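Open your viewer and get ready to click along. We start with one residue, then step back to the whole chain.

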Amino acid sequence: IIDKGQPDHSVVTTCAYCGVGCSFKAEMKGDEVVRMMPYKDGGANEGHSCVKGRFAWGYATHQNRMLKPMLREKFTDPWREVSWDEAIDFTAKRFLEIQAKHGIGSIGGITSSRCTNEEVYVVQKMIRAAFHNNNVDTCARVCHSPTGYGLRQTFGTSAGTQDFKSVDKSDVILIIGANPTDAHPVFASRMKKRLRDGAKLIVIDPRRTDIVRSPHIEAQYHLPLLPGTNVAIFNAFAHVVVTEGLVKRDYVAERCDLEDFARWEKFISDPKNSPEALEAITGVLAADVRGAARLFATGGNGAIYYGLGVTEHSQGSTMVMAMANLAMATGNIGRDGVGVNPLRGQNNVQGSCDMGSFPHEFTGYRHVADNTVRDLFEKLWNVELDAEPGLRIPNMFNAAIEGTFKGLFVQGEDIAQSDPNTKHVNSALESLECLVVQDLFLNETAAFAHVFLPGTSFLEKDGTFTNAERRINRVRPVMAPKQGMQEWEVVARIATAMGYPMGYTTESEIMDEIARVTPTFAGVSFEKLDRLGSVQWPCNDAAPEGTPIMHIGKFVRGKGRFMVTEFVPTDERTNRFFPLILTTGRILSQYNVGAQTRRTANVAWHPEDVLEIHPHDAEERGIKDGAMVSLTSRVGAITLRAVIADRMPQGVVYTTFHHPVTGANVITTNNSDWATNCPEYKVTAVQVTVSNRP
Ligand code: SF4
């Protein structure tokens with residue numbers, strides 16, 4: 001620990017790691033951070049923090065950080081440092097040339113959930129107004145896009161239903177496909193307090209995660225299902241609720257569409273959805289499923305919390321709807337202590353989706369084909385807008401390989417490392433005529449780039465992040481942009497150079513425009529956020545100080561909609577060559593592909609990705625604890641160290657994806673969610689063998 005002396009001032013800002021969105025006081029000496037102290041008045045964290053927010057901010061001043069714009073004609077050429085003017089002019093000219101040669105739709109961009117709402121808004125506006133197409137997507141495509149789709153279909157809005165505080169009133173907490181202790185530590189502490197105070201716990205996860213058994217906490221049920229069978233197990237839960245007369249009929253009659261309910265009730269009552277019929281598929285004892293379902297339906301306030309173990313499946317969207325069905329059938333939506341709650345991975349996943357980053361939606365999830373909405377944007381932006389939805393990220397990759405997509409702007413995402421099937425992604429990136437990367441570091445994606453635009457860390461940004469509970473938090477700069485310009489200024493200048501003038505002067509002005517065009521943000525301003533600390537959207541005339549809990553009295557879509565959720569097994573099957581299932585996740589000290597945390601002292605706690613394997617599976621293969629192993633799937637192979645772990649079920653192995661040297665996504669497949677194309681990271685058939693590598 002380096003003693004940096006006594007701070008002389010402090011600035012309240014927001015952590016840029018996970019979707020909890022903790023507030024911190026950056027204690028400063030001049031323009032140097034002395035320490036980050038959790039802020040006691042932070043709406044999401046109330047003075048708590050984890051090892052990432054508290055200690056892992058040093059990447060902002062890491063020696064590898066790039067501070068100069070760079071260009072090269074071909075991605076195999078050496079980089080050349082240039083001025084901002086030259087980089088911006090080059091980018092605009094290249095994109096215009098590509099469009100002249102290959103058509104308006106031959107370029108697009110990807111927004112980042114690491115960036116502020118204001119920065120994301122400006123990128124999607126550049127694409128719609130200066131590129132003249134809707135080829136904009138967000139890195140949320142690969143994590144929570146099924147949440148947006150599934151909750152929209154059933155409840156009418158693409159967001160979690162509760163504030164974090166709501167868990168204090170829960171009687172039964174059901175966690176599925178999430179490991180809050182590692183991935184959302186501050187909220188996990190709040191949840192654990194409630195569990196210690198007497199709430200019951202059901203965990204549905206192939207691994208025995210920490211929360212199943214931790215000090216003074218013992219889950220009533222841990223259901224270690226086989227990866228890929230979420231929908232089956234939730235259908236079995238609902239079957240028990242319906243056939244054992246546990247449906248809250250009064251709630252359903254008052255709040256939900258009864259035709260949809262009748263259709264769903266008939267489907268779910270079918271014996272094929274019983275726990276006994278699905279036991280062989282899920283790998284979970286029918287008696288345990290029955291017991292857990294009864295507990296959830298009759299135990300008082302039941303709240304569902306979920307993570308990427310739900311969404312990153314070929315039936316991710318179906319599963320989100322299955323959870324909504326169960327919550328409605330048991331009357332668990334629209335008050336304190338209940339709800340369907342996505343634990344968002346990145347700091348601004350919610351916000352990047354809210355800001356119009358999907359190729360079919362403007363801000364506030366309004367379809368680009370809606371003439372009234374498009375008219376509003378056309379008048380305000382003074383430009384004609386495309387009514388056709390654009391390309392999603394996987395479609396961009398496919399079109400690049402086919403030769404019809406040639407230019408890509410990537411804001412703060414390492415797609416080469418984080419998207420599935422690395423070989424396929426690299427082929428797409430190689431075939432681009434202009435790849436522009438706006439980032440802090442020369443990441444794996446930048447290896448294929450023609451333009452590198454240095455970005456700003458959260459310590460330099462001015463704007464807002466929206467956390468998992470729809471809370472809009474202020475991000476305040478503690479130092480000037482190290483590379484000389486805010487990211488949104490660079491984007492606005494590219495748009496201007498392409499012929500669409502963007503003349504913002506402050507971030508607050510951008511938020512004011514967002515509020516003008518987005519009904520759920522109509523009451524949001526920097527002035528209000530500074531006065532109240534934070535607000536949860538919807539924030540408008542009907543709720544001037546925000547909305548902690550949604551769907552009280554009435555669903556946003558009017559009547560809640562039950563959806564038929566037929567279980568369809570994934571195409572990714574085991575066989576004698578690939579007999580095990582690989583699933584992936586995160587660890588407490590590291591964050592996603594590690595671009596930031598690997599450049600901090602936190603790396604000491606997790607210097608490499610390892611493969612967790614059940615003792616029996618290890619013994620069968622002659623694998624000793626700590627041995628190097630080859631992990632092979634149908635699309636690739638990697639080498640990593642094995643750790644024998646009895647918290648894994650037999651037949652399932654697990655790894656993290658924080659280190660590029662391991663490259664877990666070399667072996668993940670192109671399978672994806674049927675509705676949103678969210679990749680199926682959580683199910684890959686693999687073989688594990690002892691490696692010759694020392
Ligand atoms: Fe940051 Fe999440 Fe940790 Fe809070 S819980 S300090 S938001 S990483």
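Is Tyr-365 buried, partly exposed or exposed? Select Tyr-365: it is partly exposed, with 19 other C-beta atoms within 10 Å. The cut-offs are these: buried takes 20 or more other C-beta atoms within 10 Å of the residue's own, exposed takes 12 or fewer, and partly exposed is in between, with C-beta atoms placed from the backbone.

A word on the model. It is predicted, so local features need pLDDT of at least 70 and side-chain atom pairs count only at pLDDT 80 or more, while totals for chains, interfaces and linings use all residues. Residues are numbered from 1 along each chain as its sequence is written.

Stay on Tyr-365. It sits in the loop between β15 (361-362) and β16 (366-367).

Next, select Asn-677. Find it in the loop between β27 (652-656) and β28 (684-690). Asn-677 counts as partly exposed, with 19 C-beta neighbours inside 10 Å.

Now go to Pro-538, in the loop between β22 (534-536) and β23 (580-585). Look at the peptide bond from Trp-537 to Pro-538: it is cis, with omega near 0 degrees.

Finally, show the whole chain. Colour it by secondary structure to see 22 helices and 28 strands. These are DSSP runs, numbered from the N terminus: helices are H or I, at least four residues, and strands are E, at least two. The C-alpha trace spans about 70 × 65 × 60 Å along its principal axes. Of the 694 residues, 59% are buried.
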